[in-house]
Amino acid sequence: MFDACGYGIEFGGFVMAICEVCENDYWMTFEVRTVGGDVHTFDSFECAAHKLAPICEHCQVKILGHGVEVSGRFFCCAHCARSKEGTEGAQVRDSVGARPS
Ligand SMILES: [Zn+2]
Ligand SMILES: [Zn+2]
């Protein structure tokens, strides 16, 4: 049984963790390891995105999909990359589709 004090001790052999964004103490938290080697703990993908998702330099939305990287800068889509970057950005397309140009 878990009451308010029971949480945070141990559950099935692993220590329960607290989401570092919203501080929810939840048994289904998960860890995300970044390229820098840092490990972050979250209770939801929403919190993970809030903390870790890059932000589009043009429109400031959180980039939750693949996004576009041009010269080390992140954009949510090809349109935003083209609007900020010069010749390199001009080459960016959203996808390699079969749609005729
Ligand atoms: Zn959270
Ligand atoms: Zn954007």
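1. Setting aside residues up to four places away in sequence, K62 touches A49, A53 and I55, where two residues are in contact if their C-beta atoms, placed from the backbone, lie within 7 Å. This comes from a predicted model, in which local features need pLDDT of at least 70, side-chain atom pairs count only at pLDDT 80 or more, and totals for chains, interfaces and linings use all residues. Residues are numbered from 1 along each chain as its sequence is written, while chains are lettered from A and ligands numbered from 1 in the order in which they are written.

2. K62 sits in the loop that runs between α1 (45-52) and β5 (68-70); helices (H or I, at least four residues) and strands (E, at least two) are DSSP runs, numbered from the N terminus. K62 is partly exposed because 14 other C-beta atoms lie within 10 Å, given that a residue is buried with 20 or more such neighbours, exposed with 12 or fewer, and partly exposed in between, with C-beta atoms placed from the backbone.

3. For the protein chain as a whole, there are three helices and six strands, arranged along the sequence as β-β-β-β-α-β-β-α-α. Of its 101 residues, 13% count as buried.

4. The largest nonpolar core consists of eight residues, namely C56, V68, V70, F75, C76, C77, C80 and A81; such a core is a set of buried Ala, Val, Leu, Ile, Met, Phe, Trp, Tyr and Cys residues joined through C-beta atoms within 7 Å. At least two residues of this core come from each of β5 and α2 (78-84).
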